[in-house]
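Student: I would like to go through the terms used for this structure and see what stands behind each of them. Could we take them one by one?

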Amino acid sequence: MTRKQVTLDTRTISLSRQDKVYFPDEGITKGEVVEYYRRVAEVMLPHLRDRPVTMHRFPDGIKGESWYHKDAPDYFPDWIETVEVPKEGGTVRHVVCNDAATLVYLANQGCLTPHIWLGRRDDLHRPDRLIFDLDPSADDLPLTRFATRKVGERLRRDGLRPFLMTTGSRGFHVVVPLRRRHDFDQVRAYAYRVAEELVSQHPEKLTAASRKAKRGKRVFIDFFRNSYAQTSVAPYSLRARPGAPVATPVEWDELAGLDPQAYTLKNLFRRLAQKPDPWEGIDSDPCRLPV
């Protein structure tokens, strides 16, 4: 077993088994994953700040056992921030990732992909994000881009400012920063109206059906994530797919030639060196939802 220590934010973290291979096809190790999160922390942390995290853990790499882990274990150090979230019959103690030390610690625990809430811990019932997940039913990238573009255009007609992100998987996320004036039921109702309107205009290309059997080859406009306790993949998270793709915020004018897995652990920092984070300042002018 290889072990070393790293100090971040005055916190010393013991790193274990850094030579374990996490992405077999590329030979990418756990140590490279940990180092990725250390380097990306500065640009990533503003998008995680004060949000409960669900950890998607892969302690033996992407071909090993994995699970979604909500409750922070008792063995986590006491300097890691948490928030108690009510649930039926009790509470869940979620991690809150506000510093680089926490992000690196989670990576060392096998958290390959942090998933975050749409609300912040001071008011979890009023989201500051609206999200649409454009999920293709077939490998049809032009159709997926079409669906994504239509969602963005529709939101702009309501005076909203949509932001775009590759998922690092098969589709794209469209996200709107919100003033926290509405609860999840109101936000989801608006998202449902948008999805249904677009489906009625393009019934052969788009669907809002949650059951896969009813989707055919259409792109699923997933608005269901706009619900209490639902999560979405955090910007700049690695995904458990060959090539080590990264969920990457992008500009809308990049969409025409963009693959959802275009950016990876290997090339993400070249991109950031050429282009700043397109989501920097996303909360500087939150939108008022037209409900």
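Tutor: Gladly! Buried means under 20% relative accessible area, exposed means over 50%, and partly exposed lies in between, with a 1.4 Å probe and protein chains only. Helices (H or I, at least four residues) and strands (E, at least two) are DSSP runs, numbered from the N terminus. This is a predicted model, in which local features need pLDDT of at least 70 and side-chain atom pairs count only at pLDDT 80 or more, while totals for chains, interfaces and linings use all residues. Residues are numbered from 1 along each chain as its sequence is written, and side-chain values use heavy atoms, with hydrogens and water left out.

Student: What makes helix 2 mostly covered?

Tutor: Nine of the nine residues in helix 2 (residues 100–108) are buried. Among them are Leu 103, Val 104 and Tyr 105, and also the polar Thr 102 and Asn 108. After helix 2 comes Gly 110, with a positive phi near 90°.

Student: Why is Thr 207 called buried?

Tutor: Its relative accessible area is 3%. The cut-off is under 20%, so Thr 207 is buried. Thr 207 belongs to strand 13 (residues 206–207).

Student: What makes the pair of Thr 207 and Ala 209 a polar contact?

Tutor: A polar contact is a pair of N or O atoms within 3.5 Å; within protein, one must be able to donate a hydrogen and the other to accept it, and residues adjacent in sequence count only if both atoms are side-chain atoms. A polar side-chain atom of Thr 207 lies 3.0 Å from the backbone nitrogen of Ala 209, so the distance meets the cut-off.

Student: How do you know that strand 13 and strand 14 pair?

Tutor: Two strands pair if DSSP finds at least two bridges between them. Strands 13 and 14 have two bridges, in the parallel sense, so they qualify. Leu 206 has Val 219 of strand 14 as its bridge partner. Strand 14 also pairs with strand 10 (residues 129–136), in the antiparallel sense over four bridges, and there Asp 133 stands opposite Asp 222.

Student: Which residues of strand 14 point one way, and which the other?

Tutor: Val 219 and Ile 221 point one way from strand 14 (residues 219–222), Phe 220 and Asp 222 point the other way, and all are buried.
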